[in-house]
Amino acid sequence: MPWLYTQMLLVITLSIGCSTQHNDIRIAVMALGPVSDRQIDAVVDGVQKVHHLRATILPGKSMPSSAYVRSRDRYDGNAVLADLSSIQVRDFDKVIGVTNFDIGINRDGERASGIMGIAELDGRAALVSTHRLSFGGVSPSKQMERLSRVAAHECGHTLGLPHCARKGCLMNDARGAIATIDATSGRLCVSCRFYRPFRLKDDALVNP
Ligand SMILES: [Zn+2]
Ligand SMILES: [Zn+2]
């Protein structure tokens, strides 16, 4: 049955093509301003454990001064993200910026309202800030766990994952609350785990 054989071969080839497409995504992690090795390692750890992608640490750079919002003493997250996205990082598909500075977005009529992270959906850049991760006076190791989770969440957005309402899923919308991050399992739910950019393009209504 040559026809059946051809179809089977096509299915197998497509399957391999899909998994290769995801596994081949190359992630760069970059410090923006002073960031400790432990913090960078926490970001790399989150990306690798949750998404099974290898992350590489690149030399850091300073925060773009044009993104600083003096009245709030924090940086405009979208402006930093745009700067990060425009950097030509050869051999990498995504770049995750890590900063200890506070970041914010314009929300509910408030300028530069504080956030923990921001990312381009199915895009190139993500940004995480450690500034709000010590909330509640938690231990340094708990702060690192939070950083890993926020980084994996934002990385998930760059891979095309939208927010997910399933209880315990790492892609729950934190709405700026660290308690939401703490309440997740730290892992993707089954739906999100098998939700990949190529599926988003083929069937945008799967797992909304
Ligand atoms: Zn999110
Ligand atoms: Zn989910």
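Mentor: A31 is found in strand β1, residues 27-32. Residues are numbered from 1 along each chain as its sequence is written, while chains are lettered from A and ligands numbered from 1 in the order in which they are written. This is a predicted model, in which local features need pLDDT of at least 70 and side-chain atom pairs count only at pLDDT 80 or more, whereas totals for chains, interfaces and linings use all residues.

Is A31 buried or exposed? A31 is buried, because 21 other C-beta atoms lie within 10 Å. The cut-off for buried is 20 or more such atoms within 10 Å of the residue's own C-beta; 12 or fewer is exposed, anything in between is partly exposed, and C-beta atoms are placed from the backbone. Across the protein, 34% of the 208 residues are buried.

Now the neighbours. Setting aside residues within four places in sequence, A31 is in contact with I40, G60 and V98. Contact means that the two C-beta atoms, placed from the backbone, lie within 7 Å. V98 sits 67 residues away along the chain, yet its C-alpha is 4.9 Å from that of A31.

Strands of a sheet pair through backbone hydrogen bonds, either parallel or antiparallel. β1 belongs to an open sheet of 5 strands in the order β2-β1-β5-β9-β8, with mixed pairing. Two strands count as paired if DSSP finds at least two bridges between them. β2 (55-61) and β8 (117-119) are the edges; each has a single partner strand, so one side of each lacks a neighbour in the sheet. The twist averages 20° from one strand to the next. Such angles run from 0 to 180 degrees between N-to-C directions, with axes fitted as lines to C-alpha atoms, for helices over the stretch in contact.

β1 has partners on two sides. To β2, it is joined by 5 bridges, and the two run parallel. I27 has A55 of β2 as its bridge partner. β1, α2 and β2 make a right-handed β-α-β unit. Right-handed means that, with the strands pointing away from the viewer, the path from the first strand over the helix to the second runs clockwise. To β5 (residues 94-99), β1 pairs in the parallel sense over 5 bridges. A28 stands opposite V95, and V29 stands opposite I96.

β5 deserves a stop. Why is it largely enclosed by the rest of the structure? Because 6 of the 6 residues of β5 are buried. K94, I96 and V98 cover one side, and V95, G97 and T99 the other. β5 also pairs in the parallel sense with β9, again over 5 bridges. In that pairing, I96 stands opposite A126.

A nonpolar core is a set of buried Ala, Val, Leu, Ile, Met, Phe, Trp, Tyr and Cys residues joined through C-beta atoms within 7 Å. The largest one has 49 residues, and V29, V43, V47, I96, L127, V128 and A151 touch the most other members. β1, α2 (37-51), α3, β5, β8, β9 and α4 each supply at least two of its residues. Leaving aside neighbours within four places in sequence, A151 is in contact with V43, G46, V47, I96 and V128.

Helix α4 (residues 140-158) has 19 residues and reaches 27 Å from first C-alpha to last, close to the 27 Å expected at 1.5 Å a residue. That expected span is 1.5 Å times one less than the number of residues. G160 follows α4 and has a positive phi, near 105°. Helix α3 (residues 77-86) lies across β5, β8 and β9 (125-129), at about 135° to β9.

α3 also lies across β4, β6 and β7, at about 60° to β4. Those strands belong to an open sheet of 4 strands, ordered β3-β4-β6-β7, with mixed pairing. There, β6 (residues 103-107) and β7 (residues 110-115) run antiparallel, joined by 4 bridges.
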